Amino acid sequence: MSKLTLISHHLCPYVQRAAIALLEKQVPFERINIDLANKPDWFLKISPLGKVPLLRIEQADGSETVLFESSVICEYLEETQPGAALHPADPLARARHRGWMEFGSSVLSDLWGYETAEDAQQLETKRKALAAKFETVEAALADGPYFSGASFSLVDAVFAPVFRYFDLFDTLGDSGIFDGLERVQRWRKALCERASVKGAVGDDYSSRLREFLRQHNSILLRQSVAA
Ligand SMILES: N[C@@H](CCC(=O)N[C@@H](CS)C(=O)NCC(=O)O)C(=O)O
């Protein structure tokens, strides 16, 4: 048995993917949250890109390996850990899922611009980009409740942290991003009810995200306070 440690950050959506995969597979792991604004030396020594997540694997023989990049970590867990399969068995379906995982990363990039926008014009540009991306997702979704139907997959693990942002954003105003997207809305609801998704962040996630917005002078937050 190897010991797994997920080097994390409280808010990071990429960390959440790996945490969700671990929880889905019911693999015991330790989580260490670090301060990304003040990265510890031990972390910088083992993180080639200076980013979380990292997965540290300590083998029974005392050897230690550190993996970086959330998709690599998720694929490794899928290949090595027992428990529910999080990729389809069919190679073509699996390749398609990997494509949508990448799509999820591109949504996260727009989300970063959205939540850190300091003026209304920037915010609107990113709002439109996000709305367009979710329209594309709507067309890719089947009957649900999850991305590919009844079974939860890594695509679900990628999008659950994306939707989680909107639990707070929706309290700040109506973005309209999901308007008319019935499948996306149903998917969002199914994901937020999943135990692994709930367990991937701490109870203080929402207050930490709000504080993140404040620190970034986010117009999203300022608009809601002014309203
Ligand atoms: N492509 C990476 C992205 C990870 C990432 O961007 N992590 C952020 C936190 S959410 C980070 O560590 N940022 C620190 C930095 O860039 O200095 C992955 O999938 O793991």
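This is a predicted model: local features need pLDDT of at least 70, side-chain atom pairs count only at pLDDT 80 or more; totals for chains, interfaces and linings use all residues.
Q: Why is strand S1 described as largely enclosed by the rest of the structure?
A: Buried means under 20% relative accessible area, with a 1.4 Å probe and protein chains only. Strands are DSSP runs of E with at least two residues, and helices are runs of H or I with at least four, numbered from the N terminus. S1 (residues 3–8) is largely enclosed because 5 of its 6 residues are buried.

Q: Which strands pair with S1, and in which sense?
A: Two strands pair if DSSP finds at least two bridges between them. S3 (residues 54–58) runs antiparallel to S1, with 5 bridges; Thr-5 stands opposite Arg-56 there. S2 (residues 30–33) is parallel to S1 over 4 bridges, and Ile-7 has Ile-32 as its bridge partner.

Q: How do the domains meet?
A: Domain bounds come from an automatic or database domain assignment, here domain 1 (3–80) and domain 2 (91–226). Contact means heavy atoms within 4.5 Å; 14 residues of domain 1 touch 23 residues of domain 2 in this sense.

Q: How many salt bridges cross the interface of domain 1 and domain 2?
A: A salt bridge is a side-chain nitrogen of Lys or Arg within 4 Å of a carboxyl oxygen of Asp or Glu. The rule finds 2 across this interface.

Key:
Residues are numbered from 1 along each chain as its sequence is written. Side-chain values use heavy atoms; hydrogens and water are left out. Buried means under 20% relative accessible area, exposed over 50%, partly exposed in between (1.4 Å probe, protein chains only).
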